[in-house]
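Subject: Structure handover

Hello,

Please find the structure below.

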2 protein chains.
Amino acid sequence: MDKFELVNRVLPQPQAAEATDEHFAPSNIALCKYWGKRDSELNLPINPSLSVSLAHLGTRTRVEPIEGPADDVWLNGLQLRADTLFAKRLSGFIDLFRQTSHQAFRIETRNNIPTAAGLASSASGFAALTLALNDSLKLGLESSALSMLARLGSGSACRSIYEGFVEWHMGHRDDGADSHAHPIDRRWEGLAIGLIKVDEGVKSVDSRSGMARTVESCHLYQSWPLQANTDLMKLHQAIESQDFTLLGSTAEQNALSMHATMIASWPPLVYWQPDSLAAMQKIWALRQQGLEIYFTMDAGPNLKLLFQQQDATEVLAHFPDLEIVLPFGS
Amino acid sequence: MDKFELVNRVLPQPQAAEATDEHFAPSNIALCKYWGKRDSELNLPINPSLSVSLAHLGTRTRVEPIEGPADDVWLNGLQLRADTLFAKRLSGFIDLFRQTSHQAFRIETRNNIPTAAGLASSASGFAALTLALNDSLKLGLESSALSMLARLGSGSACRSIYEGFVEWHMGHRDDGADSHAHPIDRRWEGLAIGLIKVDEGVKSVDSRSGMARTVESCHLYQSWPLQANTDLMKLHQAIESQDFTLLGSTAEQNALSMHATMIASWPPLVYWQPDSLAAMQKIWALRQQGLEIYFTMDAGPNLKLLFQQQDATEVLAHFPDLEIVLPFGS
């Protein structure tokens, strides 16, 4: 299945493009990870996933139709050359929306995600761009269609269309039309996320390649869907009953299991740094002492803490540089 | 199935015990790991494993019948109190051989395994003790029966009955009578093993408990037998064709996959220290530069290098404290 075919079926006839205001999409952190694709053209996952959006942290994007043959891409106030990877990826995504026209755009996009916190900006970035294009072209799409379209830019972008807890239904169709996220109708005041900075370096292996290597070479990966589906059920239960111990322990085991599939790949894919391991050991020691903190990690060396707002003072005493996010406000 | 029943069926009528000379059994390093039991009383594994014995490194043990009710256990020249874990474990094992008598023994056992190299002494220890008891009681057992008996002391001890490459057939019988090791009739001159010291501390979780936790709580473990069986085939092929790249890469992925199942357990079982990870990164960087070195790890933080004797000078330049073992001589 080709993604242009899919988009063709979903999109109404676009109107003439108009300039938009800024559209915001939040970054998100998966508590049950997306790891492995069954279709890399369509970003179709092998397992369902569940995330929490990071409130005010994310991407703001506006688009404006321009004359001329090429898009004009601005990132955090700087104009990018058309041959940069970032500009090419954005323009390639916009191509999906301009199959019958040659309309070029000026795209202005800004991230307020703390650098070096290990938060991918592609999820919020493609979600915000999708929202802006929907507005500019007056497509009037529903959220589920916007989520599906954002997915074509970056898989986890489908979750960044929504606030709060979000589940990505993996779907089962070959064309991916049923693979999109939806919001979970539950809030959790007092849930806190802490961003620990371990390493600012560029990853040696990007997530896309890492997933492909894992799916191809890791035998243990065959049991990953079982892990993910079990964790998804537990997370729903934890969110329903506001059971923090269940939420934290499930998210931590899920993240460690994802990293386990990487570690068991060939060549080995180990995103951990010695400092990551030291941070884990510190967290486990504190938990042993009675402080209820858990962590999750994505395809990088950084840890994200999960804790309850009531423990914020104590957590900050142990991690003074922590940047705290309250996904549901305080 | 009770282990006393099993031993009863295997043992001939023991003769009156006699004092023995020292019996030696080598330590062994698994290239395809034993991880997980289907029967913890009988030490029956969930997967087959393959090891290489460490030549002169191991345990020497002699036994001597003594008067009195209790065994007298000496370890490395020091007499142990009867209530130490070590003495109790040894006496418990000897109980299997004295079902019809109350013969006590003086057991003198010595390890020449470098301390802090992360080599378990239980494998060579129970193998040497089995050999000594076979001699003392004039049982005249075949190697395969000795291997099966040693297994009841410590699973991997069944492999330490032999020199060189050794395979442990997991067997399928409930009584464990078909679960023992046998030697692989191939030598590999020039194969070198290097012991890197990372940490001397006592492990927080012993292998027996670690295996049990993994089997109980790790979803990814369901695919571990597939990994082990695949690796076993590859190792046979590597040994047959003396293909060092295949041997090393298979052993390294096998060890990392075993650790992956630990990491994905709950509570997480992470034997790695930050220094372990730093050593791995050093090995991967050197391999990238063309030096063919691989590593394996057991349930602890220490790494064991696999390389070819021809590269020993270069390997020593990077790891000056390395203790090198040549399993088949130089």
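This is a predicted model: local features need pLDDT of at least 70, side-chain atom pairs count only at pLDDT 80 or more; totals for chains, interfaces and linings use all residues.

Residues are numbered from 1 along each chain as its sequence is written, and chains are lettered from A and ligands numbered from 1 in the order in which they are written.

Contact between the chains

Chain B touches chain A through 25 residues on each side. Contact here is defined as C-beta atoms, placed from the backbone, lying within 7 Å. On chain B, the elements that give two or more residues to this side are helix H6 (224-241), helix H7 (244-263) and helix H8 (274-288). Helices (H or I, at least four residues) and strands (E, at least two) are DSSP runs, numbered from the N terminus. H7(B) provides the largest share, eight residues. By class, the chain B side has 15 nonpolar, 10 polar and no charged residues. For these classes, Ala, Val, Leu, Ile, Met, Phe, Trp, Tyr, Cys and Pro count as nonpolar, Asp, Glu, Lys and Arg as charged, and the others, Gly among them, as polar.

Domains of chain A

Chain A is split into domain 1 (3-183) and domain 2 (191-325), with bounds from an automatic or database domain assignment. Taken over C-alpha atoms, the centres of these domains of chain A are 25 Å apart. In chain A, 22 residues of domain 1 are in contact with 29 residues of domain 2. Strand E1 (23-32) and strand E4 (49-66) of chain A are the elements that give two or more residues to the domain 1 side, and E4(A) gives the largest share, four residues. That side of domain 1 of chain A has 15 nonpolar, five polar and two charged residues.

The four-stranded sheets

In chain B, an open sheet of four strands has the order E11-E12-E10-E13, with antiparallel pairing; two strands pair if DSSP finds at least two bridges between them. Strand E11 (294-297) and E13 of chain B are at the edges with a single partner strand each, so one side of each has no neighbour in the sheet. Neighbouring strands of this sheet are turned by 30° against each other on average, direction ignored. Strands E10 (191-195) and E12 (303-308) of chain B are joined by five bridges, and B:Gly194 has B:Leu305 as its bridge partner in E12(B). H7(B) lies across E11 and E12 of chain B, at about 35° to E11(B). Axes are lines fitted to C-alpha atoms, for helices over the stretch in contact, and angles run from 0 to 180 degrees between N-to-C directions.

In chain A, an open sheet of four strands also has the order E11-E12-E10-E13, with antiparallel pairing. Five bridges join E10 and E12 of chain A, where A:Gly194 stands opposite A:Leu305. Helix H7 (244-263) of chain A lies across E11 and E12, at about 35° to E11(A).

A loop residue in chain B

B:Asp321 sits in the loop between helix H9 (312-318) and strand E13 (323-325) of chain B. B:Asp321 counts as exposed because it has 9 C-beta neighbours inside 10 Å; the cut-offs are 20 or more other C-beta atoms within 10 Å for buried, 12 or fewer for exposed, and partly exposed in between, with C-beta atoms placed from the backbone. The C-alpha atoms of B:Asp321 and B:Lys197 are separated by 8.1 Å, although these residues are 124 residues apart along the chain.

Regards

Methods
Two residues are in contact if their C-beta atoms, placed from the backbone, lie within 7 Å.
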